[in-house]
Amino acid sequence: MSSATQRPSLSPESPSVVFLDHAAGSPLRPSVADAMARALVGLPPNPSGAHRLARATRGVLEDAREQIATSLGVDAREVVFTGGGTESCNLGILGVAAPTAICISAVEHVAVKEAAARAAQMHSVELIELPVDARGVLRIDQAVELIPDGALVSVMAANNETGVIQPIAELRKALRHAPRNVIIHCDAIGASASMELRSVVEAADLISLAGHKLGGPPSCGVLLVKEGVAMVARVVGGGQELERRSGTQDVAGIVGMATALSATDEERERGDLETMRIRRDRLAETIQRAHPEITVHGQDATRLPGHLHFSVPGVVSEELILLLDQRGICASAGAACSSGAPQASHVLLAMGVNERMARGALRLTLATSTTDEELDRAAMSVIYVISQLRA
Amino acid sequence: MRIMVAMSGGVDSSVAASLLLEEGHDVTGVTLKLWDGPSDTGCCSVADVDDARRVASQLGIDYHVANMSDEFTHRVVDPYVASHGAGETPNPCIECNRFLKFGSLMTMMDRLGFEALATGHHARVQRINGRAELLRGVDAAKDQSYVLSMLTSAQLENLVLPVGEMTKDDVRAHGTARALRTSAKPDSQDVCFISSGPGRRGFLEERSQITAGSIVDLQSGETIGEVDALELITLGQRQGLGLDDNGEKRVAVRVDIAQKRVEVTTPERSMIKALNLREDSITWVHQALPRTGAPVIAQLRSHSAPVAAWFEEHRLVFAEPHHPVAPGQTAAFYDPDHPDVVIGSAIVAL
């Protein structure tokens, strides 16, 4: 184990460190850092004053709002800024007035799950779980049967663990055809960095986004609220965000988020996502060739191009992560409790993966900036570590 | 050496990690996530994990959280509940040490290529005549050799106990000098998975049957009172069981949940001459089975005074009459010629 005694540097920029946990949040893009630094130089932070300087700050804020609206193909008045992804999901679920039921997919993020449980309690309505198949894809036929008229439905654009993309447009179509008049909230937080969101934005009524998944700042989120959706604010006070959310806006953070979102648009247009997908598939193949015993989750579904989530039989996630960490490879289990300890993921269990396999999950997530050299190093380490633990 | 330090989020294991680092070892901190439910430091003891993580970052060492909650439930919590149901008073910390910290974690330490496991226990590992021995900690008031008495020589070979040579005051001073976040943190006192709200009673009630019963005087055979939870009575207990003819508190000497009774007697008559030990629970540091008549120093509680005794088969015979000891409790054995040296342990039988 002499290789591990030489500890890699703590800096993500260090050449000895390979960061493959982009799904947890990517490091701030340099262009974003620059835009944030420029945003407020010489301006007061509060855009809500009656004087010229507040108006100038407001101008910066509204420029960013329009930039985000254009990127997503919505009206600027439909963009509500929040304090981050969890708050967006909370508002998108707890802020919907008088639903007849709360229906969420079995693979939602805990920010949606907990908000949905609270909403069901608050409105004294049923909380209905919509099943997924073994690939992790929503079963639309069953969903349509389970969802009553007037329900609030929350289904994510793509799963944060497996990267499996959900058929939001098809769900909307099937519900219209049924017919069911429902409100759809879509948590697009995990999908936003590596997926064209136009079809999701078109199909859903409420869409949650978060800055830090885009290479933007954390604690900065967006909830798109389509025109006509009746909302009740959950964070109340000055009513700054069109009475849907109170609190002084984080203008620099919002500028950072707008810049990050535009950067992802440029990457997609350049074809960087396709390059990333090819790299991801090559990484998966390399590991699978050495260790055919691993199971790649959602392999047969349409997935985000940067996600590789797999289980190693007879091994627990924390041991894989510890050994990879020692070799400078930053990875994740995919699911952790509040202490940070990996746990059997409810996503994998909902897909029918057994508990033992679910405890041996490893998630490697790429960014468009991830290089072939980094992935070669990661693959070698992953293969070595699996061999060591299965010996 | 590459050493894995089990960091609980307390001052002792924080300082253990710091000491090893300053000695030049390659140190990685690991916290075990053991309990899923509520605890006095937040669900999953998040506050303790945060403290350990912060200390690791202050020290600049690698740090990970390992999830052993399923095994903890299976090996510690479920037996704890079952043991109460059988009229015993179990010691869950000893079972956690046996199966988790020095079982699964030690195996994990080895599998991950570390050379030793370190903890913050106040006890010492020393090589005496070429063999690893477990000794009491230097700070008598904080000595934790009792809760480690089930360790075998094979486990001791891979164990480092850096704070065993220090007093608690010295440990805190070391932490304070390095501004470690946990330096002034109070010692943990209670069972980690039982929160002060529902307490032991609420915890057991949620998971098992609680039985009301009669208090029966052992001499007269008469029922002299009632208790509402036999499972919560510890043999030897003197609280809540009424007074004897001399005005002294009566002592519980037998808890019989099937017959729904607790037998009590006077403190004088409650004294015992010997204890039965659970045969399958006896461990020896060096695997040497005791001869009948072999003398030992026995300690029956975490910080009780050690007493002279000897073995007769699977019985521990006291040199002097002893207060009753609850079944489920652990007896730690020390070498009469070297009273600091642990030689083995056993669980008191029903």
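Predicted model: local features only at pLDDT ≥ 70, side-chain atom pairs only at ≥ 80, totals over all residues.
Two residues are taken to be in contact if their C-beta atoms, placed from the backbone, lie within 7 Å.

Chain A contains 14 helices and twelve strands. Of its 391 residues, 52% are buried. Its C-alpha atoms occupy a box of roughly 65 × 55 × 40 Å along the principal axes. Why may we say that the radius of gyration of chain A agrees with that of a compact globule? Because a compact globule with 391 residues would have a value near 21 Å, and chain A has 21 Å.

I turn now to the contact between the chains. Chain A contributes 18 residues and chain B contributes 17 residues. On the side of chain A that touches chain B, two helices, α1 (2-5) and α11 (317-326), each supply at least two residues. The largest share comes from α11(A), with seven residues.

Finally, the domains of chain B. The domain assignment gives domain 1 as 2-120 + 161-177, domain 2 as 210-270 and domain 3 as 272-347. Between domain 1 and domain 3 of chain B, the C-alpha centres are 27 Å apart. Where these two domains of chain B meet, six residues of domain 1 are in contact with five residues of domain 3. The side of domain 1 of chain B that touches domain 3 consists of two nonpolar, three polar and one charged residue.

Note on methods:
Residues numbered from 1 in each chain as written. Chains lettered and ligands numbered in written order. Domains from an automatic or database assignment. Nonpolar A, V, L, I, M, F, W, Y, C, P; charged D, E, K, R; others polar. Helix = DSSP H or I, 4+ residues; strand = E, 2+ residues; numbered from the N terminus. Rg over C-alpha atoms; globule rule 2.2 N^0.38 Å. Buried ≥ 20, exposed ≤ 12 C-beta atoms within 10 Å, placed from the backbone.
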